[in-house]
Structures are given as C-alpha cells and as structure tokens.
Amino acid sequence: MKAILGFFLLSSFAFAEVHTLTLRQALDRALEQNPDVLISRLDENKARSQVSIAKDPYSFKAGVGSGGAYTYGVPSSINGNAPSVFRAQGSMTLFDRPQSYRVAQASENVRGASIDISIRQEEIAYRVYAAFLDAELAARNAQVAEQLISNLKEVKSYHEARVAEGREHDLTIKQANLDILRADKTVRDLKAAQDSAETSLGQLLAYAPGDQVHPALESRGLLTVPESQTAMAQAIAANLDIRRMESNIQAKLLEVKSFDAGWLPKVNLISDYSLLSKFNNFDTFYKKFQRNNFQIGASIELPLFQGRATGAGRSQAEDDIAKMRIEIDRTRSRITADLKLAYSDVDRSEGDRQLAREDLNLAGDKIKLDLADYEEGRVPMAVVEASRAIEQQKWIAYYAAQKDVELARLNILRTTGGMLASLK
C-alpha cells in the first residue's frame, strides 16, 4: 500500500507544472480560485438558502390525499377528519411576528456572510502578495548569486596564476575556494527558498498538487499608502472584522426582538376540501348529504405561558451582544497599535533601503574606478571581478530591503482596509 501511495506521489510530482505569472495575474486567480474564498461563497449561498427557509411558513402549502374507509354504523372520523374519497388541504402563516424577526435575522446573516467573503479575499490577497515577494526575492537573489560565483571563479583563476608564479601564498587559493563554496551554498539555499515559495503560491492559487508558480520578474511602483493623520479613522471605519461583528450584533438584536414578540398572537390561513361518499352512511345518520364540502378560515393562536426557554434564549442573545461589543472595542485598540507599528516599520524599512541603495551605488562607483585602473594597466582584471563580486552581494542586500519596504506598505493598506482597492 505504501509503495502504491509513493508511486502516485512521485507521478504527481513528475507531471508538475511551473506557471509563470505576474503579481496581478496571481492576485486575480487567488480571489477567484482560492479554496478559502470558494468556501466563503458557499457559506454565503447557504445563508441565502436560510432566508428562504425562514420565509417558508409564509408560503402557501397544499396537499391531497384520501381518507377512504369502510363504515359500519355511524361515520367515524379518521385522524380527526371524516372519511372521504378525496381530500385537499392548504395552509400558510398570515401573521407571526417572531418568525418575521427570524427572516430579518437570516437576511442580516447574508450580509455578514458577504463581509466574510471580503475578509477571506483580503487575507488571501495578503498571503499571495507576501508569498509572491518571497519567491520573487529568492529568484532575483539566485540570479545574482550565480553571477557572484562566476566572479569568484575569475578571482580564483587570478590567484592560481600568481601562486604558480610564486608571487602569492597558496592560502589565497584556499580562501577563494571557500568563497566559492559559500556562494554555492547561498545559491542552494536561495533555490530551496524559491521552490518553497513557488509551491506555496501554487497551493494558494489552487493549482494541481506539486505545481509551482514562478513570479514573472517585473518592475512596479511602490504601493501608495494614506497619510498617517487620516489613516486611523479610515482603518476603523473600513475594518472588515468590525463590520462583521456589527452585523452579528444586528442579527442578535433581531433575535432578541423575536423573543420579545413571542407574546403576540399567530394567525394562520387554513383551507380544506372533502369529497364524501354515501357508502360511509352519511345519508343514513344525517338529515342531508352533501358530496362536496369546503372550508376556509383563519386559525388564531394566543400564547399565555411560554415557559423558561424564551427568557433564557433572550438572556443568551444579550450576553452574545455584550461580548461582541467588548470585542469591537478590543479590535479598535488593536488597530490603533498595529497601524502605529506599521508606519514605524515603513520608516525603518525606507531607511534600510536608502542605506542599501547608497551602499550599492558606492560598489558600482568602485567598479568604475577599477575598470579605469585596469584599462591603464594599474590593476589586473581579478581586482575588477572582486569588486563585481562585492557589488553582487550589495544587490542581494538591496533586493531584501526593497521587499521589506513593499511588505511594510502592504501592512498599512491591510490595516486601513484599502488593500484590495489599491491592488486593483
């Protein structure tokens, strides 16, 4: 059994595909195909069906049947109805205030389920964006690291020639080999990180098991974030978790009203048609026999004693409302702290990126000077290659700083509730 399972697993990986997508394409697919989003849509459909279920008592329902039976003596009722050849009955609710509140509660739950879809989309969009940045960073750095290895090999060749000439100690070759091995390890680590991130992207985008999503390397502008002065009010007003809890409170308030309305009367429409037959002795025991009989009217029910369940249910609903209001206050406090931290992360990451950019520029200027010296014969090409190797390392640091800036800005948009709008 294990061998068969292993065979199928190996087969699935053998036929795995690599899909190259831009960030926009990845986000579009995630918002449509991600399993969590699809499940939320199914929950919304279920909530809509619950509205139809709650409205069912107000729908007219009819049924037909027969109460035919042999009668000896006085016509006896069967199941509360006189024996009949054919019977048709219909009923529907005309007035039931508690049920009306349940219908309104079900409709509010539909609105809450719709908010849940938006919550899931925001969450998935953030996860896809972050995973895309991870894969993109690993891909860029892997390219840089491979170029670094090429530069280090040129440096090694230079030192080998000088050792052969007796102008350097062989320790320089050992150091060059060590630098190459370190660069090789960096490439392996980056490719492993890239494979992991691309596989995670494939799962988030609902591709087949084992499929990977390779980020199409592209240049894009930084995300625009709101000013910190206006961001706080915007974050609290647009926060989907708060809106979901407010919807839950409205649903619970309607539930409380349904308990309060339990003392009101209930009115139902009833109708009944019976086709009677003489073989049930109706003409023998009654003065007048009528074959067709029809009744229509209203049934009024006035509750007098409801028991303890109504009060207990109302108390539970009120407790749930109190809990959600506490949770809303706590969420607002969390948003304030998260937003302050998010803006601090943006400032810090912007500073780190500027530092990495200046460091990279300095490395580029050093290469220009080395090239000028090389052309004039003052330094060998190995010095230029060594400077290029240093520049490759600076590129790796710069790409990491660039990713941190983008992720920090994304966190602000996520906190303020404007992430999906900014990504479209």
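This is a predicted model: local features need pLDDT of at least 70, side-chain atom pairs count only at pLDDT 80 or more; totals for chains, interfaces and linings use all residues.
Colleague: Is valine 64 buried, partly exposed or exposed?
Modeller: Start with where to look: valine 64 sits in strand β2, residues 61-65. Its relative accessibility is 66%, and the cut-off for exposed is over 50%. So valine 64 counts as exposed.

Colleague: How far apart in space are alanine 237 and arginine 332, C-alpha to C-alpha?
Modeller: Alanine 237 belongs to helix α6, which covers residues 228-238. Because its relative accessibility is 60%, alanine 237 counts as exposed. Along the sequence, alanine 237 and arginine 332 are 95 residues apart. In space, C-alpha to C-alpha, the gap is 9.7 Å.

Colleague: Which residues are closest to the centre of the largest pocket?
Modeller: That pocket holds about 500 Å³ of space. It is lined by 23 residues. The ones closest to its centre are Glu122, Asn239, Asp241, Arg414 and Thr415.

Colleague: Which element gives the largest share of the lining of the largest pocket?
Modeller: Several helices supply at least two residues each: α4 (97-164), α7 (240-260), α9 (309-375), α10 (381-416) and α11 (419-423). By class, the lining has nine nonpolar, six polar and eight charged residues. The largest share is six residues, and the element supplying them is α9.

Colleague: And the second largest pocket: how many nonpolar residues are in its lining?
Modeller: This pocket has a volume of about 350 Å³. Of its 20 lining residues, the closest to the centre are Leu148, Leu152, Asp179, Ala389 and Gln393. Two or more lining residues come from each of α4, α5 (171-204) and α10. By class, five of the lining residues are polar, two are charged, and the nonpolar ones number 13.

Colleague: What is the phi of alanine 206?
Modeller: Look in the loop between α5 and β4 (212-215), where you'll find alanine 206. This residue is not a glycine, although its phi is positive. The value is about 65°.

Colleague: Then is alanine 206 buried, partly exposed or exposed?
Modeller: Buried would need under 20% relative accessible area, and exposed over 50%. Alanine 206 comes out at 31%, so it counts as partly exposed.

Methods: Residues are numbered from 1 along each chain as its sequence is written. Side-chain values use heavy atoms; hydrogens and water are left out. Helices (H or I, at least four residues) and strands (E, at least two) are DSSP runs, numbered from the N terminus. Buried means under 20% relative accessible area, exposed over 50%, partly exposed in between (1.4 Å probe, protein chains only). On a 1 Å grid over the protein atoms alone, a cavity is a set of points where a 1.4 Å probe fits but cannot get out, and a pocket is an open set with protein on both sides within 12 Å along at least five of seven lines; lining residues have an atom within 4 Å of a point. Grid points are joined across faces, edges and corners, and a volume is the space filled by probe spheres set on the points. Ala, Val, Leu, Ile, Met, Phe, Trp, Tyr, Cys and Pro count as nonpolar, Asp, Glu, Lys and Arg as charged, and the others, Gly among them, as polar.
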